[in-house]
Amino acid sequence: MPLTDLQRELLALLASSRASDRYLAGGTALHLSSTSHRFSEDLDFFHDSAEAVAESFARDSAMLEAAGYRVQVRLSQPGFIRAMVEADDREATRIEWAHDSAWRFMPLVRLDDGGLVLHDVDLAINKVLTLAGRDEPRDFVDILHAHEHILPLGALVWAAVAKDPGFNPVSLLEQLKRRGRYRPEDIDELELVAPLDLVELKAAWRAALSDAAEFIRSRPYEEAGCLYYSPARNCFVAPSSGSALEQQGLVTHFGQSGGILPRVADITNTPL
């Protein structure tokens, strides 16, 4: 789990409060996996309303200060608060409390320590939309991680257009094709678990884009915006183009406010 000692302490402390509906998302949530390539510089907590952001920050900051941490607000506006949290003689970390849409594919998942986190597929889909909207090396590395360990890029792009109807699969993929033009020093500036080779990253990115384009061409347009669930494998997958979904044992899965379980079987994670 690529967290700093301070981040791990803060997550455990904040998870002890069940009063808040906040949930962990963003880069930190995506990198809770042992297969992650990098450390995140902050903790990102999201809420389903702007009002909940202010309420959660008030409770969390009071809890942090009572535990001996210093909380310094750096930015505060409706629906978004950013603060630096420090401990004596230790590194600081940034925490953000933000409002995001409650629309998602899956319900939130409760971690072993009691905290809530966005489901892996929603984390990956959000990261696709993030990379489309900003050109940051960390998002590029994160997408390749999601492509390898969660779902192939094509399946993520296909599903992501349901969360942002301003895109269709082709236009979203075209936006992503503009990313990936980084220099070695851009990657070196990231706090990585181990060094990454930019040549290898770009080769993997080109292959992912090519496979995604082929995937998008292979799917019927009326299914755009869905994930594909395999009850037999108990997970989401990218279907092949050679046979019908029924022959592959797959069903479509669409999102909604608050997320929804697949209609055939439960998933491995324990959702709310």
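This is a predicted model: local features need pLDDT of at least 70, side-chain atom pairs count only at pLDDT 80 or more; totals for chains, interfaces and linings use all residues.
Mentor: A residue counts as buried when its relative accessible area is under 20%, as exposed when that value is over 50%, and as partly exposed in between.

Trainee: Is His145 buried or exposed?
Mentor: His145 lies in helix α5, where it touches Leu30, Ser33, Thr35, Ser36, His37 and Ile150, leaving aside residues up to four places away in sequence. Its relative accessibility is 2%, and because the cut-off for burial is under 20%, His145 counts as buried.

Trainee: How is α4 oriented relative to α6?
Mentor: Two packed helices are described by the angle between their axes and by the distance between those axes. For helix α4 (residues 120-133) and helix α6 (residues 153-160) the axes are 9 Å apart and the angle is about 80 degrees. Since angles of 65 to 115 degrees fall in one class, α4 is, relative to α6, roughly perpendicular.

Trainee: Which kind of residue, nonpolar, polar or charged, makes up the contact of α4 with α6?
Mentor: On the α4 side the contact involves Ala124, Ile125, Val128 and Leu129, and these meet Leu153, Leu156, Val157, Ala159 and Ala160 in α6. No polar and no charged residues take part, and the contact consists of nine residues that are nonpolar.

Trainee: Turning to the strands, which residue in the turn between β3 and β4 has a positive phi?
Mentor: Strand β3 (residues 70-77) and strand β4 (residues 80-86) run antiparallel and are joined by seven bridges, with Val71 having Val85 in β4 as its bridge partner. The two strands form a hairpin with two residues between them, and the positive phi, about 85 degrees, belongs to Gly79.

Trainee: Among the aromatic pairs, what is the geometry of Trp103 and Phe105?
Mentor: The model has seven aromatic pairs. In this one the ring centres are 5.0 Å apart and the planes stand at 80 degrees, and because plane angles over 60 degrees define the class, the pair is edge-to-face.

Trainee: Which of these two residues is partly exposed?
Mentor: Phe105 has a relative accessibility of 0% and therefore counts as buried. The residue with 23%, which therefore counts as partly exposed, is Trp103.

Trainee: How many residues apart in sequence are the parts tied together by Phe140 and Tyr182?
Mentor: The rings of Phe140 and Tyr182 form a tilted pair, 5.1 Å centre to centre with 55 degrees between the planes, and both residues are buried. Ring pairs also link Phe140 and Tyr182 with Trp205 into a cluster. Because Phe140 lies in helix α5 (residues 137-149) and Tyr182 in the loop between α7 and α8, the separation in residues is 42.

Note on methods. Residues are numbered from 1 along each chain as its sequence is written. Side-chain values use heavy atoms; hydrogens and water are left out. Axes are lines fitted to C-alpha atoms, for helices over the stretch in contact, and angles run from 0 to 180 degrees between N-to-C directions. Helices (H or I, at least four residues) and strands (E, at least two) are DSSP runs, numbered from the N terminus. Angles under 35 degrees count as roughly parallel, over 145 as roughly antiparallel, 65 to 115 as roughly perpendicular and the rest as oblique. Contact means heavy atoms within 4.5 Å. Ala, Val, Leu, Ile, Met, Phe, Trp, Tyr, Cys and Pro count as nonpolar, Asp, Glu, Lys and Arg as charged, and the others, Gly among them, as polar. Two strands pair if DSSP finds at least two bridges between them. Rings of Phe, Tyr and Trp (its six-membered ring) pair if their centres lie within 6.5 Å; planes under 30 degrees apart count as stacked, over 60 as edge-to-face and the rest as tilted. Buried means under 20% relative accessible area, exposed over 50%, partly exposed in between (1.4 Å probe, protein chains only).
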